[in-house]
Each structure stands twice: as structure tokens, then as C-alpha cells.
Amino acid sequence: MLRQKLHLHTLFITLFALGACKTTDTLVRERQDFTKNWSFNLGDQASARETGYNDAQWRKLSLPHDWSIEGKFDEKHPAGYGGGALPGGTGWYRKTFRVDSNEKDKLFYIDFDGVYTNSEVWINGQYLGKRPNGYISFRYDLTPYLKFGQDNVVAVKVDNSQQPNSRWYSGSGIYRNVWLVKTNPVHVDQWGTFVTTPQVSEQSVKVAITTNVRNAKQQSGNFTLRTMIYDAQGKEVARTASENQALKSTQPSPVTEVKQELTVATPTLWSVEQPYLYRVVTQVEQNGKVVDNYETPLGIRTFNFDAQKGFTLNGKSMKINGVCNHHDLGALGAAVNVRALERQLEIMKAMGVNGIRTSHNPPTPELLDLCDKMGFIVMDESFDMWKKEKSKYDYSHAWDEWHKRDLEDFIKRDRNHPSVFIWSIGNEIPEQWAPEGTTIAKELVAIVKSLDTTRPVTVGINEPTPNNTIYKSGALDLFGFNYHHQDFEKFPQTFLGQKFIATETVSALATRGHYDMPSDSVRRWPYKWDELFTAGNKDLTVSAYDNVSTPWGSTHEETWKVMKKHDYLSGMYIWTGFDYLGEPTPYVWPARSSYFGIVDLAGFPKDVYYMYQSEWTNKPVLHIFPHWNWEPGKTVDVWAYYNNADEVELFLNGKSQGVRKKHGDDLHVMWRLPYQPGTLRAVSRQNGKEVLTKEINTAGVPAKIVLEADRTQIAADGKDLSFVTVKILDKDGNLVPRADNLVNFTIDGKAVLAGVDNGQQTSMESFKANHRKAFNGLCLAILQAQEEAGTVKLTATSEGLAPASVTIQLKK
């Protein structure tokens, strides 16, 4: 299984079935999961950098770790409600480890996938460096400072005290994975391969590979570079060798670049429907001995953006139906978990999504691994701002010193992912209104093109006019529209010969399970983006009828109706797939998370999810809403999203309320009727034949709990998760639509409660508690396995309700 592969504590790249290998070590490169047995202290301790510092009283934990998500919501936190109203501060991490004395001839690197923010690292008291960017991956060489056969101490200071530094929830800490990498002195450099496919046909594909081999100890001599390509079944399909390559030994970069070409016959292409992956295995030999192995993913595909025809993948026209997502994982905060990422992508895939925009920063590497394997078209984004700040303490202050290094590292890290189709160098950049927008855009695109010419570059532009200074740079390959759906159809006339992508769209708002009528009255909340919004609903809810949007955006239907009409509109990335922590537009405190998502923070779909599913998939869909618990005589609007049918007929207590058909560009049908308790039944038909039937019953009082685990068998690896949906039902099994019962959780077995949630944007409950109130009938418990196989029982109880349990198997 994918998650089991990614959850291995130690990943060894060993020599397996490589054919004509010469004398080898059993192990030539080791990449060890370095996330266990860390000590943590919240608060600044300057002397914690020293090896002899006593951290015995510090908290013991495993990474990834986000300390902000463990805090209490408070409007006084300097991040503000825009940052999720959770605490920042300064924290320290320390880890003691040993390296065998017989490994003095090896090199040891520590790789951080991401630390938020302003991280500084020491090894045995020696300062290694600082990275202010909280989303960038980086490496330090530990070798010169290690004590072989003795204790070594790595110390990391994380300073997220200067806030606000983000427009959304950032999290705090070593929130991504950490790796200890052991190599021989001659080895493939960090992110040291670049694999492209310059010629692709049905008969064959030419694979071009550039490999950088580092000579860390400046040895003299030669090496041989062998490269093999394996298909998804592990069969070798191509091989080449470059012999007698001279080791480069000059400082500051003793790196030899080797270019190779291979041919793969009758290739299987990577697509969103069949994301087929090959493996490129690079082998370095010295004196007849293999000294390094390095693996690179390969997805073979061709694509093109055309000013008239839009987007094609492998020669076939298609629309990019994408979403933007921020990096938090709801109740887990920013702390990376592969299964949580996979679940989000599964939910999106089932909706029909085929694209992900990494808003607005380099993502965790595991997200791209998953997108490679699951088939998503990724817009990989680097910056939310350039030199001009958006928040008082944001990355703009580090721009001059760090942007070139960060952008180069970002491109080199991600350029081998077949899921990455587009580079974005910025989002809604303030320089678009200033002359320097042209200069900086040219500089950034030049950096990208120096490292990768195979993908187009764009910027999310929120004033998309011909006079925009970023556009006028002439450097962009794609014009990235943020919003302005009313201008989409004029694009070919306004921007002659230019290629279109909607980098960010919609910004509709909704609270799951809440409905304001009349449903055909559209609200634009807030009234202006720069004025405090004091209207809306007193309980800070927003109608889920798809009748509320921001004034700069649109409802979901408004944008999609335009987008689907024209081939030259290559696709869009909706703001957003999931609700996220922070930025609770249209409201302010005590709201603390967003309303933008098609799916709420807990992972429960809002109703509009099914509109997209009816449009973006071939799966038969019939979704009716709202719930059927109202005041007697109230006029209620009933909507239906459907596909694969000509019509829908609605019945109330067995009496037909009429047949509705979509006309023109309609995306839903509606009935307006006085409420009577009982049963709503909808029937969709194609050519008179029934396709689907859906019922909603008036629910009684809460009577029982039902637990539904997304998986009842998970890996006993200390990381894997089971997401358990908690439903509050009446005695007849109907979901009680306004139930808010407090649910308590207990666990029997080797697992922990990693988080709880209910998707409510205003809840002040802790995500780390052992209880949660239901919100509109639902809440969520996230069970995390420990490292012992066995059976775990999760029990949910609530006063006055019949309890429920679910059993999860933990497998080694």
C-alpha cells in the first residue's frame, strides 16, 4: 500500500536486480527517518544550543510537530484571527543520537523538509545555519562536527514569535519530516538528477538525464555512472553507462555533471486517469565497486497550453478542474501526515478534481509523491509576496538575501515530479502596481528557466489588465487570472495570442448544513474587501445553498458556467478545496477558520461538492438538500444536483411536487414548497427510466451515536490514521441535522486520539481534547496507531444517547 511505503521508518536504497552489477556494498546510501525521540521546550532557551544542556525535563515527542495547534484560541494572539487565533512563540528541539565509530569514512547529512519559521540549527554546539523561509526544504552537512562512537546532539531553534507573518494559519515548529542521510564521499548530490522526456511517441520515448555527482572529500580519479529505468512491475526497460568520468575536485562545488540519454520502447503514459510511474535508478561506481544508488520518479507525458485550444494532455483535450489548498490538515494543524494528505486527495478525486495548486508556498514533498501516484495536475507555487510586504513580519524582509536560493532549491527539489505541470512564482503580488513588478518577474522567470524549461511559468494576478506590470514583463508563459470571471470570455480579444489559466477562482462561502432562504438571492459578503463586515448572520454562519460569495469572487455556479463553455479557458483552481485555519472571511473573531472550502475543516463535504461531482465525473449523482426539519408552514427551497438523467421528480409524503429539468446552462433544479414533516423523496430519470432515488426524512430527537471509520485496518507504525465520522441519529437512524451533543471518546488499545473536529468555523474547543460537540449532526475523531500490532477499540458516549464503538486493527 502507498501509505505503508511512505511510512517506513528507514528507507534503504539498496542494490536489487540491477543486472550486471560489480562488487557492491550491501548498503551504499541510507535515508533514515529521523523523527523519533526528540525533546521539545516551548520558550526561548539560548543555552539549549550547547551539547551539555540538560533537557531531561523537556517534553519527549516525535516529529512532525506543530505546537500552535495544541494551544488555545484567543483573539489576543498576535497572529490574529487571520492566522487562526492560535499562539506562536519560540520553541527548541533537541535530539541525541550516535554514529558508529566504524563509519568515519561516510558522510552524514540532516535534511529538513520544512520548519516554520526562522529555523537555526546546531550540531554539538557548532552553528550550521539559518533558513527564514518556513516552507523551504534544506540540508546541512553534519560530518565535520560528529563524534563517532559517542553521543551527538542536534539542536533546532524555531522562532515564530514575530507575528503576524502570514495571512493564514502557518503552524509552528518542525512540522515536516526530518531525515538523516548517509552516503559515501562520492555520491549523487542533493536533488542531483533532472529527468526529462524531450521526444515522446507511441513507439518510443527519449529520456534525457542530467546527474550531478558530488566529490565531497575531493578525491582524485574517475567514476562510472550507470542509469537504469524500471517499469511499474520492476522490469528493466532501458540502461546506459557513462564510463571514465573525471571527478571534479575544485571548490566551492566539487560536482561533476553527466548527461545521458536512454530510449524506452512502447511507453505507458502518465495521465490523471492512469498515473503510470517508472523508476530511474542511478548508480555510481568507483574501482569496480558501487558507491551510491539514487532513485528518481519518472512519469512520461506530453502536454500543451494553446491560446485557442486550451490544455491538452498526451494529445487529448481536457479541462483542468483544480482546487487551491493551504497546507494545514485541520485538527492536525500543520504537522504533516501522509494518510491525512492522502485522505484529502481521495475526497477531492471522488469529487472529480484533477488539479492541485499549492497555495501559496512550496508543499511538503509527500504531497507531490501522492499527486504523482494518484494523478493530479499540480501548480507548484513558490511565493505569496516578493519585496513588498502583505503582513508586518512576512518573508518580504528576507527577500533580498534569500529569494534566489529559495527559488532555486524549490525548483530543483520538485522538477522531477510528473504531477508538476506549472510553476507559479507568486500570488497577488503588490508589485503588479509598481514598475518593479516587471523587473522582478523577469528575474524570477529567468531563475526558473535556468533550471527547467519544460514547464510554463505563471503568476496569480488579481488585476488582470494589459497594463499590469508583471504581465508587461513578457516573461510569463501563462496568464494567471485570479477571479474576474466576468472577463474570461473577453480574454482572447484583451490578451491577443496569450494562454489562459485561472490560477484562483470563485471564493464562495458556506457553513456545512446551514441554509438561508430565499436560495435564489445571492449575497456578496463582505460588502467591500477593505471594510469591516458587521452584517451577516448573528451566529456567524453562511448559507450552504451556493448563494453567498465574496465581492471579488463568485458563486461556484457563476464561474463554472463560463469556464465550461470555452476550450481556450484551459482550466481553473477553485478557492478552496478544503476549509482551512485562519482567514474567516466574511467574519472576524470569534470566527477562526475559513468558509471558502467545498469540504469543511473536518473533511465533511458541503452540498456544492455534489454539483462538481455531477459535472466533473461520470458517476451517477443525485443529491437533494436541505435537511427536512423546519418550522411548520415555513417556505423551504429544495435543490437537486444530478447528472446522467433528463429530469428529477420530487415527492413530499408520497405526493408529487413536480418534475424539474435543467435548461440552458442550469446546474441545479429547485422546488419551493411549504414545509410539512415527513419524507422528501427525489427520483431522477433518463428516458423515463429511473436512475437514482434519494430520501430525506424529518428527524426526531437525538437517540444514538453511530461511528464510521474510513479504514478499519491501519499500519502499526506510529503514524497511520483512521478517520472516524461520528453521527448523531434519531431512533430510526436519521441524521439529526442540528444536533450539537457533546461526545466523549475513550480508547482501549495501542493508539492515541490525534485530533477531534466538527467543521464549525467558530468552535473554541481544543483540537487535542478527548471530546467534541457535534456540529449539525457530525463530528470527527482521528485515531493514530502506535507501534504495536493488535486491536484498538474507540468508544463514543454522550449523555442521553446510546453509545457506539468501532474496532480498528493495527497491522505490522
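Which residue forms a salt bridge with D579? In this predicted model, the partner of D579 is K606, and the closest N and O atoms of the two side chains are 3.0 Å apart. D579 has a relative accessibility of 4% and counts as buried, because the cut-off for buried is under 20%. K606, at 2% relative accessibility, also counts as buried.

The protein as a whole can be described as follows. The secondary structure comprises 8 helices and 48 strands. The radius of gyration is 27 Å, which agrees with the value near 28 Å that a compact globule of 812 residues would have. Along the principal axes, the C-alpha atoms fill a box of roughly 90 × 65 × 50 Å. Of the 812 residues, 62% count as buried. The accessible surface comes to about 30,800 Å², and carbon and sulfur atoms account for 47% of this area. When contacts between residues at least 6 apart in sequence are considered, 71% of them join residues at least 24 apart.

Charged side chains number 92 positive and 94 negative, and the centres of the two sets lie 2 Å apart. The count of salt bridges in the model comes to 51. One of these is formed by the side chains of R29 and D292, with an N to O distance of 2.8 Å. This pair links distant parts of the chain: R29 belongs to strand β3 (residues 27-33) and D292 to strand β19 (residues 289-298), and the two are 263 residues apart. R29 counts as buried because its relative accessibility is 6%. D292 likewise counts as buried, with a relative accessibility of 0%.

A further salt bridge is formed between D44 and K157, where the closest N and O atoms are 3.8 Å apart. D44 is located in the loop between β4 (38-42) and β5, whereas K157 is in strand β11 (residues 151-160), so the pair ties together parts that are 113 residues apart in sequence. The two partners fall into separate accessibility classes. D44 has a relative accessible area of 46% and is therefore partly exposed, while K157, with a relative accessible area of 13%, is buried.

P78 is placed in the loop between β5 (59-61) and β6 (89-98). Its relative accessibility is 46%, so P78 counts as partly exposed; the class of partly exposed residues runs between the limits for buried, under 20%, and exposed, over 50%. When its neighbours within four places in sequence are left aside, P78 is in contact with Q163 and P164. The C-alpha atoms of P78 and N165 are 9.5 Å apart in space, and these two residues are 87 residues apart in sequence.

Notes. Residues numbered from 1 in each chain as written. Predicted model: local features only at pLDDT ≥ 70, side-chain atom pairs only at ≥ 80, totals over all residues. Heavy atoms only, no water. Helix = DSSP H or I, 4+ residues; strand = E, 2+ residues; numbered from the N terminus. Rg over C-alpha atoms; globule rule 2.2 N^0.38 Å. Buried < 20%, exposed > 50% of the residue type's maximum accessible area, 1.4 Å probe, protein only. Contact = heavy atoms within 4.5 Å. Areas by Shrake-Rupley, 256 points an atom, 1.4 Å probe, with all protein chains shown as cover. Lys, Arg positive; Asp, Glu negative; His and termini not counted. Charge placed at Lys NZ, Arg CZ, Asp CG, Glu CD. Salt bridge = Lys/Arg side-chain N within 4 Å of Asp/Glu carboxyl O.
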